[in-house]
Amino acid sequence: MSTEKNTEPAAKDASQLRQKRMIADHFERLSRAKEEGKKVVYTFVPGNLTELIRSLDLLPVLPEINALQSGMRKLSGAYIAEAEKAGHSEDVCTYVKCDIGMMKSGNIGPTGTKLPEPDLLLLSYTGCFTFMKWFELLREEYNCPVVMLHVPYQPDGRITDEMRKYVVDQLEREVIPALERVAGKKLDMNDLARRLELSHRAEDDLVAVWESARNRPSPIDGYFGGVYYIGPIFSAFRGTEDAVAYYSELRAEVDERVRQKLGPTTPDGLAMEEKFRLVVEGPPNWTNFHDFWRMFSREGATVVSSTYTRVGGLYDTGFRHNPEHPLDSLADYCLGCYTNLGLPSRTQLLERYIKDYQADGFLINSVKSCNSFSAGQLLVLRELEKRTGVPGGFIESDLVDPRYFGKANIENRLQSYMQMLDARKGKVAS
Amino acid sequence: MNDQPSTGAAGDPAAELLTRARRLSDDLSFGAVRDWKAGHPGRLAVGYMPIYAPRPLLEAIGCLPVAVFGGGDQLDIIRGDSYFQSYICHIPRSKVELAVSGRLDLFDGMLFPSICDVIRNLGGMWAMLFPDRYGAYLDLPQNFDPELGGRFYAGELRRIAGGLRERGALPLDDDALRDAIVRENTRREVLEELDELRCREPWRVRASEAYLVARAGGVLEADAHTKFIREFLDAAREREARVYDNVRVVIRGSFCEQPPFGLIKTLEAAGCDIVDDDFQLGLRSIEGPIQLEEGQDPLDALARAYVLNGAPTASRYIGELVKGASLIKQVRNANAEGVIFAAASFCDPALLDQPMLEAALDREKIPHTSLKFSENTGQFQVIREQAGAFSDAVKLWGSAA
Amino acid sequence: MRCVVGIDLGSTTTKAVLLDEQGRVLGRGITNSRSNYEVACAVAREEALTAARFTMLERELEKRAALASGKVVAAKDDLSEAFRLELYLDQLAELEDEIARVLRSLTYVGDRSKLQPAVDEVLGGMKSDAPKLFVGAGARKSDFFRDLAGTGFMTGAEKVSADREISFERVVGLFDRAILDVETQLKPRDFSALLKRAAHRLIVDETPDASLLLGAVEAVIDQPIDETSFVGTGYGRQTLPFPKQAVRSEILCHGRGAHRVFPGTRTVLDIGGQDTKAIQVDDQGVVTSFQMNDRCAAGCGRYLGYIADELNLGLHELGPLALSAQRVVKVNSTCTVFAGAELRERLGLGERREDILAGLHRSIMLRAMSLLARSGGIENEFTFTGGVCKNAMATKVLRELVDENYGEQITLNAHPDSIYMGALGAALFGLDDVEAGRPAVLPTFVQAAVEAAPAGGQ
């Protein structure tokens with residue numbers, strides 16, 4: 001996600017600097033979009049078709065990222081209040097309310113410039129029911145065309161031919177034509193293929209970065225640190241040379257950390273001790289992101305893997321974008337996003353991560369706003385404990401509504417959980 | 001507050017039918033399903049979550065489709081709550097409670113249509129809790145091109161028919177499906193008669209009564225339900241009834257987790273004639289009869305009916321339609337004076353739709369109010385007052401103010 | 001005497017437990033002081049040390065049992081009461097000083113001249129009535145100074161404001177202002193002086209028994225209590241006044257404490273004032289999993305508090321009333337926000353209080369059962385702790401639900417002193433630290449107390 005680090009060690013890594021520049025450039029281009037006659041497409045992170053969008057010279061905007069940015073900048077509380085005042089229910093997704101509130105407050109984006117209005121809403125209906133309503137709402141506000149891409153759900157852990165065909169057919173007959181209409185030109189399949197090749201390369205490096213966590217100590221934090229790593233690949237940059245360069249740099253930096261047996265960087269500097277290796281399920285809290293991170297890092301807990309970082313694409317089970325079958329692989333990519341997977345598959349993936357990364361425990365951050373993630377997590381908790389034998393922790397918070405982050409309560413639960421792990425370790429050792 | 005027309009009392013020709021309907025709706029042991037299975041040995045009973053299931057398909061392969069609406073307000077949730085956080089609606093809890101307490105053991109299969117993420121994930125939970133039982137997600141299409149979404153949906157229907165075949169259902173047969181569609185269309189027709197009667201003469205048939213009669217169909221084959229509705233209509237037409245001066249309202253938002261029966265009665269007692277609603281959406285998800293041409297593939301017809309004539313519900317993409325247009329049409333057709341949004345707490349589809357629908361009503365100056373419930377809400381005082389105030393305001397000023 | 005100290009900072013009360021090196025409970029203390037954490041800890045510790053002295057006294061008397069008559073042994077309880085009386089009188093004197101200070105700061109001299117004599121009369125009455133409060137625990141509704149003094153002051157204020165024609169609110173207002181400061185200031189207590197005064201209060205003539213008692217008292221007073229480890233637990237907005245390595249999660253402490261009291265415990269349910277915890281422990285009392293309901297007070301003690309207020313009853317009356325229900329009214333929500341409305345509606349419909357209460361209790365326990373199921377279910381033995389465990393109806397309903405869902409073979413434990421389980425667990429962790437040779441770091445409030453203590457103090 002395009003986020004900034006507030007507390008930094010003296011020298012920024014090259015990859016971090018590159019990422020900052022990429023994001024700044026992107027928002028700068030967005031701010032000039034209207035005057036330059038560039039067309040803007042709003043879409044979602046799960047099932048984002050960045051290669052397609054950029055191949056047609058369109059600029060993508062991701063309202064989810066705007067919302068999480070607002071959360072990190074402590075603006076979301078006020079935006080949500082605006083939306084609720086306008087009649088939106090307290091029970092619904094706070095990303096949506098934050099977006100509505102931001103719109104009503106002038107639609108100023110994370111970098112302080114006004115975001116351009118959409119020329120098209122690409123409703124990538126992947127893994128989340130709320131997306132449908134979100135863009136229905138935005139359509140009412142902007143009165144612009146919407147194109148629906150219904151990505152069928154994978155209840156049984158496999159992509160059938162019918163599912164793939166349905167997505168490919170929609171791409172061919174509805175999505176691409178809609179994008180072409182907005183762009184005023186035809187899609188060049190060769191260009192698309194070229195971008196997919198670049199995606200493939202970046203994905204290889206990203207997976208290597210994820211897998212570096214197998215080392216002891218893990219050189220990365222696969223959750224808090226991980227949300228920075230997924231920024232380029234899940235937002236406007238997959239399929240670009242910039243992204244390839246970023247992930248290549250990142251991989252090299254991580255490899256170097258492994259050589260030097262270094263742990264990850266935390267908000268308080270270099271992690272000195274890897275006391276607990278954890279897998280985390282669920283999105284992070286954005287309004288208190290660094291506080292939340294510190295609750296882990298200060299106890300010596302490193303997150304070795306997470307599922308949220310697969311929400312915009314799952315690559316470590318083998319999938320890569322494939323330039324030889326562009327539309328098929330775009331379809332498979334969408335179908336494979338984490339929240340589009342059935343609960344049994346998600347549980348299996350978590351089990352795999354816990355075992356592969358030799359986790360001491362796993363934690364579920366159950367987020368009030370997100371039923372897609374949250375409904376069923378309590379069953380997943382019990383099932384994973386049974387299958388892996390490691391204890392599961394359970395905390396509750398929200399995406400961007402600051403009212404739902406109870407610092408004392410969360411700290412209490414986390415500390416109790418980690419002390420429990422500690423006590424268990426002592427027993428196992430003795 | 002108005003007195004109620006004397007229905008259901010001694011001397012009411014429809015009393016016995018209503019009692020039967022109430023029993024069928026309330027029976028959490030699904031006695032009617034048990035009886036059906038006993039009378040049709042070897043045949044399968046397939047449950048489904050609310051909103052929509054392709055009942056004719058299920059009947060065509062010899063199954064009894066059963067709507068499982070959750071535990072209502074009669075079920076103590078002991079274990080169901082341990083599966084869900086507090087900010088998730090109530091119906092999955094009672095569904096799980098029914099399941100783990102064995103009450104759903106008699107079902108040979110369970111369908112989970114794509115209503116929302118909670119029900120979607122519930123399907124996955126089902127697979128994990130009962131790996132040996134047949135459970136299937138029904139991915140209703142959000143693309144309404146018959147060649148695209150329609151074809152995908154036909155594939156879904158075939159997949160489910162195939163899955164049930166493996167469990168002992170009959171093979172999918174065109175003639176059987178044709179017949180089932182015809183029977184469904186007949187039931188639909190008769191249901192429309194009921195809706196029309198209760199809309200035109202709410203003093204003769206209360207919405208709460210029409211509700212029971214419609215809901216009873218959840219455990220009956222189409223034919224049996226048609227017969228039941230016809231009996232009720234005959235009895236209702238013989239009733240003595242006085243006209244009362246209530247406000248005519250449309251209820252929106254209660255399509256999945258059902259409001260407790262007492263809530264519907266409370267609204268009526270507070271001065272509202274509920275002239276249209278979306279309570280039993282599953283039976284009215286397709287607008288009008290399923291069009292079936294001579295020589296047309298019936299599965300194709302069923303699929304087309306859904307994509308081309310599917311009702312714009314909260315769980316369905318609005319596409320090219322205007323948001324709120326169908327609600328306004330509903331209000332006009334029913335000659336209603338206002339809309340009450342009654343959504344289950346935490347219901348994403350209903351609550352996310354609501355602001356858009358309210359805006360549409362505002363543009364047409366149709367008064368509205370809104371409330372939330374859960375299927376086991378026990379006290380209606382606040383709702384009574386709110387509904388009463390709304391009906392009074394509409395009567396006096398023609399607005400919600 | 002070497003001991004370890006465990007302190008549990010709860011939302012309403014702070015508890016302290018002292019264990020000797022063999023892990024036996026030496027003393028327990030509790031305070032409901034609303035002052036800052038430092039002072040609350042200090043007060044609780046002091047109470048526990050006092051209790052420890054009395055335990056030591058008891059052991060001392062037992063040692064001299066051959067020479068002691070039954071009267072002397074029984075006198076230990078009288079001595080304890082007399083000690084409490086002396087402490088109370090000291091605290092009243094502090095209150096008196098504090099009120100005088102408040103009066104001096106008033107701007108209108110006229111006020112002061114009216115109020116001071118009124119206050120003097122109230123306090124005078126409280127002092128002379130004090131002994132009646134300390135003739136056995138049954139004689140008073142609470143052991144906490146704020147509660148006892150508050151009640152006494154209110155009663156006295158009613159009388160003097162009527163007699164002297166001054167505003168009741170103004171008089172009571174003085175108490176309200178002063179009590180905060182009294183609670184916040186950490187006054188060093190001269191334990192031995194208090195104990196001696198108490199002893200002399202009891203002993204009115206020279207008898208062999210009297211000198212035996214005094215001898216035991218002297219022996220105990222002079223015995224040093226060496227606190228070799230401090231562990232703190234509890235959670236809240238402020239940081240606990242303990243160094244980080246001396247803090248243990250209250251869930252772990254609670255689980256361990258419950259297991260210590262009932263060694264067969266494998267599942268613990270704690271329903272406190274503001275949260276509910278379901279804890280699974282192994283055969284050594286180590287927590288293996290837990291779930292909390294800490295985001296809303298539904299189904300917790302506070303909820304019962306609201307209900308009690310609505311019905312104009314004392315909290316302790318709810319259980320007995322519910323037990324006399326003839327049927328159970330179905331209550332579906334335990335939301336504290338709607339507690340009042342739901343209750344009124346049902347009463348309005350003609351339901352009996354008892355029956356509604358029965359329904360409410362069932363709802364609360366159903367929620368608890370859900371939390372337990374989430375944490376892994378109920379395994380034998382099942383220990384029920386927290387304020388609500390003293391509610392007989394709650395325990396009855398819990399028993400029924402356990403029978404229905406887990407079987408009648410599950411042993412259900414409830415202990416009236418379960419409020420100390422967290423501090424007990426903390427102390428046990430302290431004992432671990434000592435046995436592992438980990439150096440103890442004195443928390444700041446102990447350092448402060450040690451520095452402030454007069455000679456011969458704790």
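Let's start with the loop of chain A that runs between helix H2 (50-55) and strand S2 (59-61), where you will find Asp57(A). Asp57(A) is not a glycine, and yet its phi is positive, at about 65°. Keep in mind as you explore that this is a predicted model.

Next, look for the cis peptide bonds. In chain A, the bond from Arg216(A) to Pro217(A) is cis, and its omega is near 0°. Pro217(A) sits in a loop too, with helix H8 (189-211) on one side and helix H9 (226-229) on the other. In chain C, the peptide bond leading from Asn380(C) to Glu381(C) is also cis, with omega near 0°. To find Glu381(C), go to the loop between helix H12 (353-375) and strand S8 (382-385) of chain C.

## Two helices side by side in chain A

Stay with chain A and pick out helix H5 (residues 94-104) and helix H6 (residues 130-142), whose axes come within 10 Å and cross at roughly 15°. Angles under 35 degrees count as roughly parallel, so H5(A) is roughly parallel to H6(A). The handedness of this crossing is right-handed.

Which residues make the contact? From H5(A) come Tyr95(A), Val96(A), Asp99(A), Ile100(A), Met103(A) and Lys104(A). H6(A) answers with Thr130(A), Trp134(A), Leu137(A), Leu138(A), Glu141(A) and Tyr142(A). Sorted by class, the residues where H5(A) meets H6(A) are eight nonpolar, one polar and three charged.

## A helix pair in chain C

Now turn to chain C, where the axes of H12(C) and helix H13 (residues 392-406) come within 9 Å and cross at roughly 50°. That angle makes H12(C) oblique to H13(C). Their crossing is right-handed.

On the H12(C) side, the contact includes Ala358(C), His361(C), Met365(C) and Leu366(C). On the H13(C) side, you can look for residues including Met393(C), Val397(C), Leu401(C) and Tyr406(C). Taken by class, the contact of H12(C) with H13(C) has twelve nonpolar, two polar and two charged residues.

## Where chain A meets chain B

How many residues does each chain bring to the contact between chain A and chain B? Chain A gives 53 residues and chain B gives 51 residues. Between them the two chains bury about 4400 Å², with 59% of it on carbon and sulfur atoms. Within chain A, the residues that lose the most area to chain B are Phe129(A), Tyr153(A) and Asn371(A), which together make up 14% of what that side buries.

There are four salt bridges between chain A and chain B. In a salt bridge you can find for yourself, the side chain of Lys372(B) meets that of Asp91(A), at 3.0 Å from N to O.

## Where chain C meets chain A

Chain A also touches chain C, in a contact that takes 23 residues from chain C and 21 residues from chain A. Here the buried area is about 1900 Å², 51% of it on carbon and sulfur atoms.

Between chain C and chain A the count is two salt bridges. To see a salt bridge here, look at the side chains of Arg413(A) and Asp294(C), which meet at 2.5 Å, N to O.

Key
Residues numbered from 1 in each chain as written. Chains lettered and ligands numbered in written order. Predicted model: local features only at pLDDT ≥ 70, side-chain atom pairs only at ≥ 80, totals over all residues. Heavy atoms only, no water. Axes fitted to C-alpha atoms, helices over the stretch in contact; angles between N-to-C directions. Helix = DSSP H or I, 4+ residues; strand = E, 2+ residues; numbered from the N terminus. Parallel < 35°, antiparallel > 145°, perpendicular 65-115°, else oblique. Left-handed = near helix turned anticlockwise from the far one by under 90°. Contact = heavy atoms within 4.5 Å. Nonpolar A, V, L, I, M, F, W, Y, C, P; charged D, E, K, R; others polar. Buried area = accessible area lost by both parts, 1.4 Å probe.
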